[in-house]
Amino acid sequence: MSDPTPLERLERLRSSIDNIDAALVHMLAERFRCTQEVGQLKAEHDMPAADPSRESRQIDRLKGLAVDAHLDPEFAEKWFNFVVAEVIQHHTQIADEHNA
Ligand SMILES: O=C(O)C(=O)C[C@]1(C(=O)O)C=C[C@@H](O)C=C1
């Protein structure tokens, strides 16, 4: 068997990227399903949408995992903050609807 051509290597890598992107979409959907339930719970029990101490514990944990996995820890923090900002918007919307 001859070595794969550059185009074949690119296609193989893109096929793995397709699988990884699909897994990320499914994992994010599952995460948001959980956080929607957290939002309902918080609205029903008058808990604040944001919990900065939980966020900072989670950032420390994720940055440690990122270092072990050879992922840029600053990127891991940015990714987490981006997702959490969206979650807090959802929590606020759920609380507004609950209190309307
Ligand atoms: O754990 C919570 O209390 C959540 O609301 C979830 C979550 C998160 O998405 O990780 C979102 C907002 C909070 O500030 C902290 C964490």
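A: In the classes used here, Ala, Val, Leu, Ile, Met, Phe, Trp, Tyr, Cys and Pro count as nonpolar, Asp, Glu, Lys and Arg as charged, and the others, Gly among them, as polar. By these classes, the shell around the ligand has 5 nonpolar, 2 polar and 3 charged residues. The model is predicted: local features need pLDDT of at least 70, side-chain atom pairs count only at pLDDT 80 or more, and totals for chains, interfaces and linings use all residues. Residues are numbered from 1 along each chain as its sequence is written.

The residues around the ligand are Thr35, Val38, Ala50, Asp51, Arg54, Glu55, Gln58, Val84, Val87 and Ile88; a residue counts as near if its C-beta atom, placed from the backbone, lies within 6 Å of the molecule. Two or more residues of this shell come from each of helix H1 (6-44), helix H2 (52-68) and helix H3 (73-99). Helices (H or I, at least four residues) and strands (E, at least two) are DSSP runs, numbered from the N terminus.

The protein as a whole has 3 helices and 0 strands, in the order α-α-α from the N terminus on. Its C-alpha atoms fill a box of roughly 65 × 25 × 15 Å along the principal axes. Of its 100 residues, 4% count as buried, that is, with 20 or more other C-beta atoms, placed from the backbone, within 10 Å of their own.

Definitions and conventions
A residue is buried if 20 or more other C-beta atoms lie within 10 Å of its own, exposed if 12 or fewer, and partly exposed in between; C-beta atoms are placed from the backbone.
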